[in-house]
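Colleague: I have the coordinates open now. Could you walk me through how this one is put together?

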2 protein chains.
Amino acid sequence: MKVRILVRLKPGVLDPQGRAVHHSLEGLGFDGVEDVRIGRLIELDVADNTSDEQIDQMCQQLLANMVIEDYSIEKLSASEAA
Amino acid sequence: MKVRILVRLKPGVLDPQGRAVHHSLEGLGFDGVEDVRIGRLIELDVADNTSDEQIDQMCQQLLANMVIEDYSIEKLSASEAA
């Protein structure tokens with residue numbers, strides 16, 4: 001089973017990397033970019049019997065820093081994972 | 001308009017960060033993890049008249065390293081972006 005985990009900085013937490021990218025996009029001449037936030041994409045291939053709770057625990061214990069980051073979990077169907 | 005860009009290492013490119021996370025998950029007692037790949041999540045807030053081609057150009061010129069990375073673009077509807 002493919003699981004996609006998106007880890008983002010919490011709203012309000014400064015994102016200097018995003019700001020640098022925003023600035024660079026403007027420097028390259030891309031207008032109309034209002035905001036850029038950078039996060040992590042973690043793609044897991046786990047056994048089919050892995051419970052939602054286990055995936056949640058992985059995020060809380062290792063994959064996300066719960067002090068400054070939020071995460072969301074998306075299970076991919078077989079077609080999306082291809 | 002919210003746009004989500006997922007940047008992943010191309011298949012076959014070694015992912016030491018993913019391997020380290022995989023190892024750590026096993027160390028924490030999570031069984032059944034078969035593979036871990038780490039990528040970047042870039043969330044843009046762009047003007048509504050931004051064309052797909054412009055977003056593509058942003059990825060190719062700045063956001064992804066086309067030598068070793070692939071990217072995919074997902075436009076979020078207003079409900080998903082909330």
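Modeller: This is a predicted model, and in it 6 strands form an open sheet, with antiparallel pairing, in the order β3(A)-β1(A)-β2(A)-β2(B)-β1(B)-β3(B).

Colleague: Which strands stand at the edges?

Modeller: Those are β3 (69-76) of chain A and β3 (69-76) of chain B, each with a single partner strand, so one side of each has no neighbour in the sheet. On average, and with direction ignored, neighbouring strands of this sheet are turned by 25° against each other.

Colleague: And what does α1(A) touch on the sheet?

Modeller: Helix α1(A) packs against β2 (33-46) of chain A together with β2 of chain B, and its direction makes about 125° with that of β2(A). Helix α2 (residues 52-63) of chain A lies across β1 (2-9), β2 and β3 of chain A as well as β2 of chain B, and runs at about 145° to β3(A).

Colleague: At what angle do α1 of chain A and α2 of chain B pack?

Modeller: The angle between α1 (residues 16-27) of chain A and α2 (residues 52-63) of chain B is about 110°, with their axes 11 Å apart, and α1(A) and α2(B) are therefore roughly perpendicular to each other. In their contact, V21(A), S24(A) and L25(A) meet M58(B), L62(B) and L63(B); by class, this contact has 5 nonpolar, 1 polar and no charged residues.

Colleague: Changing topic, what rotation superposes chain A on chain B?

Modeller: A rotation of 180° with 0.0 Å of shift along its axis does so, at an RMSD of 0.0 Å, and the two copies are thus related as by a two-fold rotation axis.

Colleague: Which residue of chain A comes closest to the rotation axis?

Modeller: That is R40(A), whose C-alpha lies at 2.3 Å from the axis.

Notes. Residues numbered from 1 in each chain as written. Chains lettered and ligands numbered in written order. Predicted model: local features only at pLDDT ≥ 70, side-chain atom pairs only at ≥ 80, totals over all residues. Heavy atoms only, no water. Axes fitted to C-alpha atoms, helices over the stretch in contact; angles between N-to-C directions. Helix = DSSP H or I, 4+ residues; strand = E, 2+ residues; numbered from the N terminus. Parallel < 35°, antiparallel > 145°, perpendicular 65-115°, else oblique. Contact = heavy atoms within 4.5 Å. Nonpolar A, V, L, I, M, F, W, Y, C, P; charged D, E, K, R; others polar. Least-squares fit on C-alpha atoms with pLDDT ≥ 70 in both. Pairing = 2+ DSSP bridges.
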